[in-house]
Amino acid sequence: MTLHIHGYSRSGNCLKIKWTAQKLGLPFEWTEVDVMTGGSRTPAFLAMNPAGQVPTVVLEDGRVLAQSNAVILHLADGSNLIPKDPYERAKMFEWLFWEQYSHEPYIAVARFHRLMLGKGPDEVEARIMERGEAALERLELQLSETPFLVGDHLSLADVALVAYTRVADEGGFDLARYPAIQAWVTRVEAALRITD
Ligand SMILES: N[C@@H](CCC(=O)N[C@@H](CS)C(=O)NCC(=O)O)C(=O)O
């Protein structure tokens, strides 16, 4: 069996997995699931992942795995996308946990409200925008010091964080205010060969 990604192409969480697989040269199949019309809540989908969310991946051996960062960690196990040094590896995890708790819930959610739900700038909760700006400031600070989030090398921290950061403007954030982030996005897109 081939690795099978059930994903939604507009979801950064899903694209993380596609980019990781491509970077590692892992063949995969992609089934598009339209979450906006309940595609992840059908009985067949819920039988595969009771959480009813994409990304959901069926591994080569038929086992199912969800949660984007868990999936990329599994796919990249043993590769150079995961630092060998224990401290650097832990720093990568620090960024992965931070992404899910302090970045994605603001940067991705603002984008969801604006792009997917068609809300205007004033209809997005101020708190979401404030926390999103704080997340971008945190990234800017780090990327003013190092070319990638964990030192000199591309790691899963960059894969996970670039997914929604590169399209943060679609949520109403002005990336022109963050030059180090912009340069890093260009670097990571080149390293992952992201063209769309
Ligand atoms: N923490 C999860 C988030 C997954 C998630 O929120 N998926 C969204 C799309 S980005 C979804 O499936 N939404 C549809 C639904 O909940 O019905 C991850 O990193 O994979």
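**The ligand site**

Modeller: A polar side-chain atom of Ser40 lies 3.4 Å from an oxygen atom of the ligand, which makes this a polar contact (a pair of N or O atoms within 3.5 Å). For Arg41, an N or O atom of the side chain is 2.8 Å from a ligand oxygen, and for Ser68 the corresponding distance is 2.6 Å. The protein covers 77% of the 510 Å² of accessible area that the ligand has on its own, by the Shrake-Rupley method with a 1.4 Å probe.

This is a predicted model, in which local features need pLDDT of at least 70 and side-chain atom pairs pLDDT 80 or more, while totals for chains, interfaces and linings use all residues. Residues are numbered from 1 along each chain as its sequence is written, and side-chain values use heavy atoms, without hydrogens or water.

In total, 13 residues surround the ligand, each with a heavy atom within 4 Å of it. The closest are Arg41, Val54, Gln67, Ser68 and Gln100.

As for the rest of the chain, an automatic or database assignment divides the protein into domain 1 (3-75) and domain 2 (86-192). Their C-alpha centres lie 21 Å apart. Across the boundary, 15 residues of domain 1 are in contact with 21 residues of domain 2, contact being heavy atoms within 4.5 Å.

Terms used
Polar contact = N/O pair within 3.5 Å; in protein donor to acceptor, adjacent residues only side chain to side chain.
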